Amino acid sequence: MGRLEGKVAIVTGAGSGIGESTARLMAREGASVVVADINRSAAERVAGELPSAVAAEVDVSDEPSVVRMVETAVASFGGLDVLHNMTWTSPSLILGFSTGLSRSTSRAS
Ligand SMILES: NC(=O)c1ccc[n+]([C@@H]2O[C@H](COP(=O)([O-])OP(=O)(O)OC[C@H]3O[C@@H](n4cnc5c(N)ncnc54)[C@H](O)[C@@H]3O)[C@@H](O)[C@H]2O)c1
């Protein structure tokens, strides 16, 4: 049994490189994977090669886009256990997302 059996994972930047390898590894370990990337066709290619996966187009610097990505995980697989962010964005945005602060609030602080 894989170490991620029954888990739901989002991997951003999963259309190529390290993110793609991470998505493939998580899938091998049994996770259902949201293959998220700004490049939709790349995300669809990777997701199509995994046993339990969906593609999500996301721009990690755009909060509504990130919300839609999480909603895709919940709608497709019933929840979210793992978030692996393989794309860079500014620390203030990451802080804002993780604390629930709005983008303008986190930038002002
Ligand atoms: N490859 C390395 O040796 C290495 C070493 C240290 C750090 N890094 C860092 O790790 C990250 C990934 O590296 P990689 O080699 O896998 O790069 P990569 O270019 O192969 O993959 C990055 C993926 O992120 C996607 N992406 C870019 N901007 C995005 C955005 N705003 N929202 C969503 N997806 C977006 C791209 O479409 C691409 O599929 C980069 O930030 C890189 O600087 C890489």
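Which helix gives the most to the shell around the ligand? Helix α1 (residues 17–28) does, with three residues. The model is a predicted one, in which local features need pLDDT of at least 70 and side-chain atom pairs count only at pLDDT 80 or more, while totals for chains, interfaces and linings use all residues. Residues are numbered from 1 along each chain as its sequence is written.

**Overall fold**

- The protein has five helices and four strands; helices (H or I, at least four residues) and strands (E, at least two) are DSSP runs, numbered from the N terminus.
- Along the sequence, these elements follow the pattern β-α-β-α-β-α-β-α-α.
- Of the 109 residues, 30% count as buried. A residue is buried if 20 or more other C-beta atoms lie within 10 Å of its own, exposed if 12 or fewer, and partly exposed in between, with C-beta atoms placed from the backbone.

**Ligand shell**

- The shell around the ligand comprises 18 residues, of which Gly-13, Gly-15, Gly-17, Ile-18 and Ile-38 come nearest. A residue is near a molecule if its C-beta atom, placed from the backbone, lies within 6 Å of it.
- By class, the shell has seven nonpolar, nine polar and two charged residues. Ala, Val, Leu, Ile, Met, Phe, Trp, Tyr, Cys and Pro count as nonpolar, Asp, Glu, Lys and Arg as charged, and the others, Gly among them, as polar.

**The sheet**

- Four strands form an open sheet with parallel pairing, in the order β3-β2-β1-β4; two strands pair if DSSP finds at least two bridges between them.
- The edge strands, β3 (53–57) and β4 (82–85), each pair on one side only.
- From one strand to the next, the twist averages 15°, where axes are lines fitted to C-alpha atoms, for helices over the stretch in contact, and angles run from 0 to 180 degrees between N-to-C directions.
- Strand β2 (residues 32–37) runs parallel to β3 and is joined to it by five bridges; Val-33 stands opposite Ala-53 in β3.
- Five bridges also join β1 to β2, again in parallel, and the partner of Thr-12 in β2 is Ala-36.

**Strand β1**

- Five of the five residues of β1 are buried.
- Both faces of β1 are covered, with Val-8, Ile-10 and Thr-12 on one side and Ala-9 and Val-11 on the other.
- Val-11 lies in β1 (residues 8–12) and counts as buried because it has 32 C-beta neighbours inside 10 Å.
- Val-11 and Ala-56 are 45 residues apart in sequence, and their C-alpha atoms are 9.8 Å apart in space.

**Helix α2**

- In helix α2 (residues 40–48), the residues Ala-43, Val-46 and Ala-47 are buried.

**Helix α3**

- Helix α3 (residues 63–77) has 15 residues and, at 1.5 Å a residue, should span 21 Å; its end C-alpha atoms are 21 Å apart, which agrees. The expected span is 1.5 Å times one less than the number of residues.
- The buried residues of α3 are Val-66, Met-69, Ala-73 and Phe-77.
- Seen down the axis of α3, the buried residues fall within an arc of 55°, so they line one face of the helix.
- Pro-64, Val-67, Glu-71, Val-74 and Ala-75 are exposed on the other side of α3.

Key
Arc of directions from axis to C-beta.
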